[in-house]
Amino acid sequence: MTDSLSLLRLYVEWGADDALDPDPHDRLALPTPARNPAPSVQPTPIQPDAGNGHPKPARRPRPPAPPSRATLIDEAVAAARTAAAAADTLAALRAAISGFEPCGLRATATHSVCVEGPEQAPLMLIGEAPDADEDRSGHPFAGESGALVTTMFASIGIDRADLLAAPVIPWRPPGGRPPSVAEARICLPFIERAIVLARPGRVVLLGNLAISLITGQNTTAARMRGRWRDITLPTGPDGAPATTLPALSMRHPLQLRASATARRDAWKDMLLIRETIGNIPLKS
């Protein structure tokens, strides 16, 4: 009894002076399971489109796919054909070239280099892409290459001023790099139209790029030189028949320094030109 009173006094000192249950319980014994346990209730998920006031969110339409690079190139080629075909004079063609934006070379070049010389000349010289001298001056065969061309034709009695001249593409690629296949495709309608409008008797292709682009063959001057070959140009906008005229392939004048063989071949080609078109007197 004394121990029980002492224990009660200890509880009071600790603050445990409220009874939790009038009956004692064995907290170590297992609880008796309920006979009919209530089933657990799972929450019903909210369905946005089940008529609960939350409309189903609409799907955003996918943005259209950007045009592929091939599509952009084809569109630029078509635009070049349209612009070239619409020109009915060389002056109109120069204006069309100067204002043509779909080719990126125009934005980086200093000048658009176009065909120059008298229409219906016996020869039209078509060179490579404009070099730095041609880009700065805006004239074909300027600088060193122009001086070599003048000397070469003077050696067979032909004044360069009596000839037509043009680069195969009107703009110099940045840094003088070769034009890409796409750039060459875009520029091709302009030189083809220039030949049709200028109406030369024959064409001389100077350099591998001019030869490959105009003839449509992946070849070189070394393989194609030595004889005249016919080239066919597309029909004009008025439904005129395709233009066919002879063309002679030659090395570009700046390539003649490569070897003595190149210079001998160039001289043979110049003699062939002289034999074909005769001697045009030099201007006094």
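The legends below describe close-up views of a predicted model.

Local features need pLDDT of at least 70 and side-chain atom pairs count only at pLDDT 80 or more, while totals for chains, interfaces and linings use all residues. Residues are numbered from 1 along each chain as its sequence is written, and side-chain values use heavy atoms, with hydrogens and water left out.

**View 1**
Five strands make up an open sheet of mixed pairing, ordered β2-β1-β3-β5-β4. Strands (E, at least two residues) and helices (H or I, at least four) are DSSP runs, numbered from the N terminus. Two strands pair if DSSP finds at least two bridges between them. β2 (164-167) and β4 are the edge strands; each has a single partner, so one side of each lacks a neighbour in the sheet. On average, neighbouring strands are turned by 30° against each other, direction ignored. Axes here are lines fitted to C-alpha atoms, for helices over the stretch in contact; angles run from 0 to 180 degrees between N-to-C directions.

**View 1. The β3-β5 pair and helix α7.**
β3 and β5 run parallel and share four bridges. Within this view, V204 has L248 of β5 as its bridge partner. Helix α7 packs on the sheet and touches β1, β2, β3, β4 and β5. The direction of α7 makes about 165° with that of β1.

S249 lies in strand β5. Its relative accessible area is 3%, which makes S249 buried. Buried means under 20% relative accessible area, exposed over 50%, and partly exposed in between (1.4 Å probe, protein chains only). Neighbours within four places in sequence aside, S249 contacts L205, I211, M224, R225, G226 and D269. Contact means heavy atoms within 4.5 Å.

A262, D265, A266, D269, M270, L272 and I273 are buried in α10. Seen down the axis, these buried residues fall within an arc of 155°, so they line one face of the helix. The arc is taken over directions from the helix axis to the C-beta atoms. Exposed K268 and E275 sit on the face turned away from the buried side. The cover over the buried residues includes β1 (123-127), α6 (143-154), β3 (202-206), β4 (228-233) and β5 (243-250). Just after α10, G278 adopts a positive phi of about 80°.

R225 and D265 meet through their side chains in a salt bridge, 3.9 Å from N to O. A salt bridge is a side-chain nitrogen of Lys or Arg within 4 Å of a carboxyl oxygen of Asp or Glu. R225 is in the loop between α9 (221-224) and β4, and D265 is in α10, 40 residues apart. D265 is buried at 14% relative accessible area. Salt bridges with shared partners join R225, R251, D265 and D269 into one network.

**View 2. Two further salt bridges.**
The structure holds eight salt bridges. In one of them, D74 and R185 bring their closest N and O atoms to 3.2 Å. This pair links helix α2 (residues 69-86) with helix α7 (residues 181-198), 111 residues apart. D74 is partly exposed at 41%, and R185 is partly exposed at 36%. R257 and E144 form another bridge (2.9 Å, N to O). R257 belongs to the loop between β5 and α10, and E144 to helix α6, 113 residues apart.
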